[in-house]
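Good morning, and thank you for coming. I would like to take you through one structure, region by region. Please look at it with me now.

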Amino acid sequence: MDAISRPTTNQDARTRGDVITLPTAELPRRWYNVLPDMPEPLAPPLSPATGKPVTPDELGRIFPPSLIEQEMSGERFIAIPDEVLDILAMWRPTPLVRARRLEAALGTPARIYYKHEGVSPTGSHKPNTAVPQAYFNRMHGIRRLTTETGAGQWGSALAFATRMFGMTCRVFMVRVSYDQKPYRRTFMRLFGAEVFPSPSPHTASGRAILERAPDSPGSLGIAISEAVEEAAGRPDTNYSLGSVLNHVLLHQTVIGQEAKRQLEAAGETPEFIYGCHGGGSNFGGIALPFVPQILAGERIRAVAVEPDGCPSLTRGRYAFDYGDTAGITPMVRMYTLGHDFIPPASHAGGLRYHGASPIVSALVHSGAIGAETVAQSEVFRCAELFAHTEGIVPAPESAHAIAAVVRKAGELREERRGAAILFSLSGHGLFDLGAYEAYLDGRLGDQADQGEAIAAALAGLPEVRS
Ligand SMILES: *Cc1c(COP(=O)(O)O)cnc(C)c1O
């Protein structure tokens, strides 16, 4: 427990104005693994071939042994290799910032802090896991990775990380984002990655979708099928996933561990913690290190925030489902809208996933943490307010967390109650200006209710005897 609860002395942390920074030496040296602290053990993932718990051998076709071990580890702390720390230290520890101008604009007695993950080389929290994933694959002799990307942040992070270790990567990018964000494509190519729009004619899964729906906007589920299919078919190639899996959330816990030390330095305990939720990695990263305190009954409420157009945690079913659309990945127990659910095209591509992290799902199911939805118009209004007050253009994904924080700050204003709110600013939105252009031109409304599409996709959940 000591690494996540050790108080920080005031010499360690520096507070300049409203920015709380930690020296490089304070970068966490261990990841926090929540698995041994879960209220109930997670159900094992099931093989799509046999319906039985998936074996390390099956996973070994696409993942290196060290990541498979982390996926199932019972160790509460896992050491971060020096080679990984050296790269994380290029931008970590990230600043924690008191959003005093936002507080003033909202007239709230709440004290709002954001953990700024937008300062990474690729502009989001994703390199926190891309770097160790590339490293552990390279150590296992792998020279090439495939992956999916939604808005392009994950592809960018993996392109950067593979470049750091002299590897290459091939990225299947969800079609709608491929068209919306041409500069993300350029960014990945600059780091040496190959980028294909998904669904693509390069894989059997992609071709099957294109036959049924030639104009498919794509989805993360489809892009995952394509990337996994290719990795499973080539011995020199592994697959890398940017969210959802236990080892991804594990790597992201550097965010919450740092935030905890920084808040301690400011003499604060957060009462509310918010993060947007697509697959659960930035939310898990900021919230999981607080789970032992939450389970011990401390007054901390952590809430995952999702778009109302893709509401897996709030309107999905807690059931076994495939991680991808074609049904070639293992089935995991999670909140899911059904692997056939294609979320409506939106400007928060990183949140368009039919499922959710099994860890976050289990914590929501047990009531330890909460989930909320916000609507697209509210999200962009709050993003604009954040830019006007704090000077940072947030990623549309991150702005979902901002919208929930703005709501909570309003409630606290009504209650005339001060409380510390912590949220994850998972990335900046400087590659998302197309979305802001649509917002400023009044072309960005709310999304149609997805009730019917969700019901149809839920009817197609795989049958699992348990
Ligand atoms: C990918 C991404 C998300 C959504 O993914 P999670 O795994 O849920 O964190 C959110 N924000 C940003 C900036 C992203 O790049």
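Let me begin with a term: contact means that heavy atoms lie within 4.5 Å. Setting aside residues up to four places away in sequence, Arg-413 touches Leu-106, Gly-107, Thr-108 and Pro-109.

Two remarks on the basis of these values. The model is predicted, so local features need pLDDT of at least 70 and side-chain atom pairs count only at pLDDT 80 or more, while totals for chains, interfaces and linings use all residues. Residues are numbered from 1 along each chain as its sequence is written, and side-chain values use heavy atoms, with hydrogens and water left out.

To return to Arg-413, this residue is found in helix H18, residues 396–415. Helices (H or I, at least four residues) and strands (E, at least two) are DSSP runs, numbered from the N terminus. Between the C-alpha atoms of Arg-413 and Thr-108 there are 4.8 Å, although the two are 305 residues apart along the chain. Arg-413 is partly exposed, with a relative accessible area of 35%; on this scale, buried means under 20%, exposed over 50%, and partly exposed in between, using a 1.4 Å probe and protein chains only.

I turn now to the sheets. Strands of a sheet pair through backbone hydrogen bonds, either parallel or antiparallel. Two strands are said to pair if DSSP finds at least two bridges between them. An open sheet of four strands has the order S9-S8-S7-S10, and its pairing is parallel. At its edges are strand S9 (194–198) and strand S10 (237–239), each of which pairs on one side only. From one strand to the next, the twist averages 25°; axes are lines fitted to C-alpha atoms, for helices over the stretch in contact, and angles run from 0 to 180 degrees between N-to-C directions. Helix H7 (residues 153–164) packs on this sheet, where it touches strand S7 (144–149) and S8, and its direction makes about 165° with that of S7. Strand S8 (residues 168–174) runs parallel to S9, joined by five bridges, and Phe-172 has Phe-196 in S9 as its bridge partner.

Within strand S7 lies Thr-146. Is this residue buried or exposed? Thr-146 is buried, with a relative accessible area of 0%. Its side chain reaches the backbone oxygen of Ala-227 at 2.8 Å. Beyond its neighbours within four places in sequence, the contacts of Thr-146 include Arg-170, Glu-230 and Tyr-239.

Elsewhere, strand S13 (residues 317–322) and S14 run antiparallel and are joined by six bridges. Tyr-322 stands opposite Met-331 in S14. Strand S14 (residues 331–336) is mostly covered, with five of its six residues buried.

My last topic is the aromatic rings. Rings of Phe, Tyr and Trp (its six-membered ring) pair if their centres lie within 6.5 Å; planes under 30 degrees apart count as stacked, over 60 as edge-to-face and the rest as tilted. How many aromatic pairs does a search of the whole structure find? The search finds 16. One of them joins Phe-386 and Phe-423 edge-to-face, at 6.1 Å centre to centre and 75° between the planes. Phe-386 lies in helix H17 (residues 376–390) and Phe-423 in strand S16 (residues 420–425), so the pair ties together parts 37 residues apart in sequence. Phe-386 is buried, with a relative accessible area of 0%, and Phe-423 is buried, also at 0%. Finally, ring pairs link Trp-91, Phe-160, Phe-187, Phe-191 and Phe-431 into a cluster.

Note on methods:
Polar contact = N/O pair within 3.5 Å; in protein donor to acceptor, adjacent residues only side chain to side chain.
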